[in-house]
Amino acid sequence: MVAVEVCVGNSCHMKGSKRITDRLRQLAAEYGLSDEIKINGVLCMDECMNGACVRLEGRVFKLSPETADEFFMSEILPRAGKSGPSGAPE
Amino acid sequence: MNDLCVEIGFVSLNKDGEQLCGDRVVAEQGEDGSAVAVLADGMGSGVKANILATLTAKILSTMLANSIALDECIATVAATLPICRVRKAAYSTFTAARISNSTEAEIIQYDNPDAIYLKGGKPAEYPKTAILIDDKTVYMSKLRLADSDLLVIFSDGAIHTGMGGLVDESWDRDSVAAFIASVYAPDMSAKACAALLLNECRRRYGGAALDDTTVCVLKVRKRKQVNLVIGPPANKEDDHKLMSLFFSKEGKSIVCGGTTARIAAEYLGKELKTKLEYADEDIPPEFELEGADLVTEGVITMNRVLKYAKEYLDEGVFSLPWRTAKDAASKISRLLFEEATDINFFVGEAVNPAHQNPSLPLAFRNKMRLIMELSDCLKKMGKKIKVSYF
């Protein structure tokens with residue numbers, strides 16, 4: 001189980017937390033990992049100044065909708081027990 | 001005194017191609033449960049009709065609100081209206097409703113379609129007496145209103161609907177009464193009721209009205225308090241004080257802002273749950289907190305509420321998307337515009353450094369102004385507003 005927490009505070013909202021959430025959920029579904037990867041909303045992490053915050057295993061990452069794919073590949077997917085795009089559907 | 005109050009809401013649809021409406025509503029409300037609404041329909045359309053209707057509505061409402069005798073009011077209107085060069089007449093029909101103590105109603109009608117009275121959501125008859133003033137037959141009615149009763153007054157455009165220049169004879173005053181009864185809900189606001197009827201008229205006109213059409217609804221309802229807290233206090237030590245004052249108030253509670261929600265959760269000793277479901281792209285999702293009726297993000301959501309409030313006050317706007325939408329801003333709008341008559345704002349003055357970014361809209365950076373603008377709008381809706389700063 002990989003728990004991903006996306007900040008839904010207004011500053012992160014303005015920086016695209018909804019689009020990031022949508023993209024991460026979509027990728028999880030594409031890899032058949034919707035049950036394995038849990039994406040939840042959380043309150044402000046007090047790191048508003050630096051971009052949309054996503055927390056994974058206690059570490060805060062600064063994302064934008066454009067970097068969501070990269071984040072999924074490099075951080076989420078390996079933790080979900082698959083390595084790299086080899087597990088990708090056709 | 002009773003715990004009732006009168007809510008007035010009105011909307012207009014201009015005759016197709018006209019910039020100005022030839023109907024005019026002037027409504028005035030007193031602190032003591034008194035209310036006056038006058039709907040005047042000026043002869044013709046466009047600017048001339050607009051002037052006639054505006055003069056009539058304004059003169060009548062001012063004089064009636066000051067308890068001046070009816071014949072004197074009508075004589076003043078007759079003496080004041082400019083005479084049309086084409087028609088050699090000065091003419092505006094009107095319907096006036098005067099309510100005192102939120103229950104004693106007088107309806108004065110001159111040549112508009114008969115006002116509709118709904119008792120408990122059902123159309124009901126009321127007595128009418130004809131009186132002759134200056135060769136004009138005016139109808140007077142007196143009735144006693146109760147909680148949830150409605151008076152619906154409208155210009156003849158509302159019953160002369162039709163498409164392609166043809167009037168649909170099957171749609172008359174009784175159909176209007178039946179329509180209102182079919183959409184009636186006890187918690188619906190006067191404005192929402194007026195808007196629903198006007199939307200139906202517009203539909204029946206196929207979008208292009210043959211005549212100016214105006215609907216004004218007066219609704220008797222119980223006073224209801226709603227409380228809203230937004231923003232953490234300027235001093236952290238005041239957190240507890242703010243929340244204990246806020247949660248001790250009677251009525252529903254709305255908590256706006258992530259940090260504010262966290263403080264509220266600490267105060268209540270309950271867990272704050274976040275949802276990640278978006279009912280609307282642009283509005284952050286709401287939170288769940290036992291003990292609070294609604295918990296939302298702050299400034300983005302409230303900016304949307306302000307936008308809805310401005311639209312609500314525009315008598316030319318009668319689509320009210322927030323009445324049915326599921327996002328947090330729509331939920332706040334329903335509570336503030338429809339459910340509440342008295343609203344207490346608790347505004348924390350702490351400044352969020354993330355909001356001071358010059359790339360953000362100005363309204364975002366100025367929470368105080370946002371709340372001031374919103375409370376001005378709510379006052380115009382007839383709400384009693386109290387704002388406290390912390």
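## Sheet of chain B

Ile153(B) stands opposite Cys216(B) in β11(B). Their strands, β10 (residues 150-154) and β11 (residues 213-222) of chain B, pair in the antiparallel sense over five bridges. Two strands count as paired if DSSP finds at least two bridges between them. Helices (H or I, at least four residues) and strands (E, at least two) are DSSP runs, numbered from the N terminus.

The open sheet has five strands in the order β1-β11-β10-β6-β7 (chain B), with antiparallel pairing. β1 (4-13) and β7 (122-124) of chain B are at the edges; each has a single partner strand, so one side of each lacks a neighbour in the sheet. From one strand to the next, the twist averages 25°.

## Helices on the sheet

Helix α3 (residues 173-183) of chain B packs on the sheet and touches β6 (116-119), β7 and β10 of chain B. Its direction makes about 30° with that of β6(B). Helix α4 (residues 190-204) of chain B lies across β1, β10 and β11 of chain B, at about 25° to β1(B). Axes are lines fitted to C-alpha atoms, for helices over the stretch in contact; angles run from 0 to 180 degrees between N-to-C directions. Contact means C-beta atoms, placed from the backbone, within 7 Å.

## Model and confidence

This is a predicted model: local features need pLDDT of at least 70, side-chain atom pairs count only at pLDDT 80 or more, and totals for chains, interfaces and linings use all residues. Residues are numbered from 1 along each chain as its sequence is written, while chains are lettered from A and ligands numbered from 1 in the order in which they are written.

Chain A averages a pLDDT (the predictor's confidence in each residue, from 0 to 100) of 85.

Methods:
Two residues are in contact if their C-beta atoms, placed from the backbone, lie within 7 Å.
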